[in-house]
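Subject: Structure handover

Hello,

Here is the structure we spoke about. Please open it first, then read the notes below.

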Amino acid sequence: MTNNPDIASPARTQAILNRYHLSAKKSLGQNFLTDLNVLNNIVKAANLSDKDNVIEIGPGIGGLTEYLAREAKQVLAFEIDQNLLPVLDDTLSAYNNVKIINQDILQANLPKIINEEFNNERPIKVVANLPYYITTPIILDLLKGNADFDEIVVMMQKEVAQRLVAKPGSRDYGSLSVIIQYMNNVDIAFEVLRKSFIPAPKVDSAIVTLSKKESIDTEVFDVKLFASFVRGCFAHRRKTFWNNMQGLFGKNPENKAKVQGVLDKFDINPGIRPEKISVEQYVEIANEFHSIKMI
Ligand code: SAM
């Protein structure tokens, strides 16, 4: 489309930063991806085709956006940093299927915007190199269900990715693993070294793919309350499940008896640690506490 080297190539990225006197803003998680192999692999992981409507979070100077625009039908990119708008206007001028929205993604009314911009046409995919300081709120927001995405392919700090995919009994398994895995298939597609960015972050990264499970064995009574219950169960991960239950429900004898009843019903040893309990067990326990009006 243009004779320029790719925006994300190290030389062009550096030239763009110099021309616009930009220095990457740490406070906004600005680390620009400059490894073209990684970009190709992100596009592959997202399985993009010219039918896809893509939402990008944080286009930066447009390196990933360019790769998305080449493959997808259209790209809607949310960028919070106003200073990057003239840059994106210039770097992406050859792509007429890209629209930049200058908005904080956490404030965006995605269902409304999707309706207006994509006419509710599917598939809708989210593909992004996330700002790491707000990875978890963004993921939880995307999965809240207000807007239903066909696929989410996002880069994040490797440690967070490991928590998302962790299995019971492992060091990384925690409330985030349970809350995410209850409704979604989640996988690490591949890892990315810190040297693939300008400037290099202090940590390595990973690409995570998330998609809604086609069917869920047992629904939870309320997703938000379930999430806060699970967080409470892991509030003190070195303590027993029983101790955490007391943290949640207090120590009065009536509540203790009710908690004991729930644990007995599902054959859960009160001395077990919260990381030994499976996602399915958390769902069963939470639903039971709800049915006896404890949550
Ligand atoms: N996509 C580019 C790339 O891959 O090189 C830049 C990715 S950089 C890790 C994260 C981007 O997210 C930055 O451009 C940053 O300004 C933007 N950003 C940070 N917080 C944001 C927010 N709340 N809403 C939208 N964009 C945000």
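**Around the ligand**

The shell around the ligand has 12 nonpolar, seven polar and four charged residues. Here Ala, Val, Leu, Ile, Met, Phe, Trp, Tyr, Cys and Pro count as nonpolar, Asp, Glu, Lys and Arg as charged, and the others, Gly among them, as polar.

The model is predicted: local features need pLDDT of at least 70, side-chain atom pairs count only at pLDDT 80 or more, and totals for chains, interfaces and linings use all residues. Residues are numbered from 1 along each chain as its sequence is written, and side-chain values use heavy atoms, with hydrogens and water left out.

In total, 23 residues surround the ligand (a heavy atom within 4 Å). The closest are Gly58, Glu79, Asp104, Asn129 and Tyr133.

A polar backbone atom of proline 59 is 3.4 Å from a ligand nitrogen. For isoleucine 80, a backbone N or O atom lies 3.4 Å from a nitrogen atom of the ligand. A polar backbone atom of glycine 60 is 3.3 Å from a ligand oxygen.

How much of the ligand's accessible area does the protein cover? The protein covers 99% of the 600 Å² that the ligand has on its own (Shrake-Rupley method, 1.4 Å probe).

**Domains**

The protein chain is divided into domain 1 (10-212) and domain 2 (223-291). These bounds come from an automatic or database domain assignment. Their centres, taken over C-alpha atoms, are 35 Å apart. In contact (heavy atoms within 4.5 Å) are 13 residues of domain 1 and 15 residues of domain 2.

Best wishes

Conventions:
Polar contact = N/O pair within 3.5 Å; in protein donor to acceptor, adjacent residues only side chain to side chain.
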